[in-house]
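Work through the following exercises with the sequence and the coordinates at hand, and compare each step with the solution given.

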Amino acid sequence: MPSPVCVSLLCVCACVSLFVPSAISQPPSESDTYTECTDGYQWDARTQHCKDINECETIADACKGEMKCFNHYGGYLCLPRSASVIPAPEPPTPSLPESQPEPYQCPLGYKSEGDSCTDIDECERDEHDCQPSQECINTQGSFNCQCPDGYRKVGTECIDIDECRYRYCQHRCVNVPGSFSCQCEPGFQLAGNNRSCIDVDECGMGAPCQHRCYNTYGTFLCRCDQGYELGADGYACNDIDECSFSSFLCQHQCVNEPGKFSCVCPEGYQLMGTRLCQDVNECETGAHQCTDAQNCINIHGGYKCVDTDPCNEPYVQVSDNRCMCPLSKPGCHGLPYFIVHRYMSVTSERSVPSDIFQIHATSVYPGANNSFRIRTGDDNGDFYIRQINNISAMLVLARAVAGPKEYVLDLEMVSVNLVMSYQSSSALRLSIYVGPHAF
């Protein structure tokens, strides 16, 4: 009879019975039986099978440090204390047949069919000890317990494989039971291979930039048009109030506009360039309302209409802007013989002292001694005369004046001739218009 051999996946217990026959005509002698268990198992005389040894109980300090001992068939495992395993159920212990063995016995994992042995499909008959998470694979005379993808087998247990240890992902790896997933940093997206990360063009995907968007590696930048500045959120563009930066941007008035500023000038002025204001000469442009009997005098910020005959009694006009007081008229006694009318305009808040008008004698007589003075019109002392020589003098603005304001000064030249023993005077009637602005 063939020797019976018992084979298990987790334990190997070989039971060998040798029968030594004598001569055919003699009864058989008593047979010798040898029984031996592999490491990690011991013989159980009661069940007549090899029984697993629990090393976690029999070996003192089987695992060191923070490791925990887990017993399994034929040995033990040292795993972290945080690990948890589902112990495999005890393998079924086949009961010893009480009846006499069949005439023909097959090895373990096979069944007898007539005079041959056929493999037993332990997986189909549910005669296996695979864990619920494992797949039973039938083999000739036995079976295998196979772990799902993403797990590795340690003893009888399936332990999750931490794929993240192998740096499969370009950016971040997230391990999950039985698998893993790759994630990308903000500004990137997962490529088609589900492992690499490629830059996201946020500008082409509707980035919230108010004006202009520039894509960069992993992010984007918002930029604003000229005249705007980027807001605190990094997206919005806020208008820059250039007028608040300086009072010198414009000569007169700065007007802030979306994304820019502009300079405006007051009435009677026009913008020269981008920031300066220039007086408009209404007399030249024809933008005045003077009559034919009047002359147009341009002044800062406007114009004046004056009569073509400025002479008042007892004076009579002798030429343009020139009046004479005849000696034949009794009212001319003590008055300047000639009055010449002149007009000028000065800016407001002019720096002082400032030379503004020069007087010059038109007639010079030998032996005459000329002196100049302000005869009338300077009640507040805003002006004074500085004589240059015997025939000329300078009118000086002594104090800063603010316009609009008008002065009418009679500047007199007194001539004394000691040789001929006579004295005469002539006057220049100067109308001074102070503009409303400093330009």
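**Exercise 1.** Sort the lining of the second largest pocket by residue class.

*Solution.* The lining divides into 13 nonpolar, 11 polar and 3 charged residues, where Ala, Val, Leu, Ile, Met, Phe, Trp, Tyr, Cys and Pro count as nonpolar, Asp, Glu, Lys and Arg as charged, and the others, Gly among them, as polar. This is a predicted model, in which local features need pLDDT of at least 70 and side-chain atom pairs pLDDT 80 or more, while totals for chains, interfaces and linings use all residues. Residues are numbered from 1 along each chain as its sequence is written, and side-chain values use heavy atoms, without hydrogens and water.

Next, locate the lining: of its 27 residues, Arg322, Thr362, Ser363, Met413 and Ser426 lie nearest the pocket centre, and strand E36 (422-434) is among the strands that supply at least two residues. E36 gives the largest share, 6 residues.

**Exercise 2.** Determine the handedness of the disulfide between Cys184 and Cys197, and state which parts of the chain it ties together.

*Solution.* The sulfur atoms of Cys184 and Cys197 are 2.1 Å apart, which meets the criterion for a disulfide (a pair of cysteine sulfur atoms within 2.5 Å). The torsion about the S-S bond is about -95°, so the link is left-handed. Cys184 lies in the loop between strand E15 (179-183) and strand E16 (188-190), and Cys197 in strand E17 (residues 197-199), so the pair ties together parts 13 residues apart in sequence. Finally, Cys184 is buried (under 20% relative accessible area, with a 1.4 Å probe and protein chains only), at 16% relative accessibility, and Cys197 is buried at 6%.

Note on methods: On a 1 Å grid over the protein atoms alone, a cavity is a set of points where a 1.4 Å probe fits but cannot get out, and a pocket is an open set with protein on both sides within 12 Å along at least five of seven lines; lining residues have an atom within 4 Å of a point. Helices (H or I, at least four residues) and strands (E, at least two) are DSSP runs, numbered from the N terminus. Buried means under 20% relative accessible area, exposed over 50%, partly exposed in between (1.4 Å probe, protein chains only).
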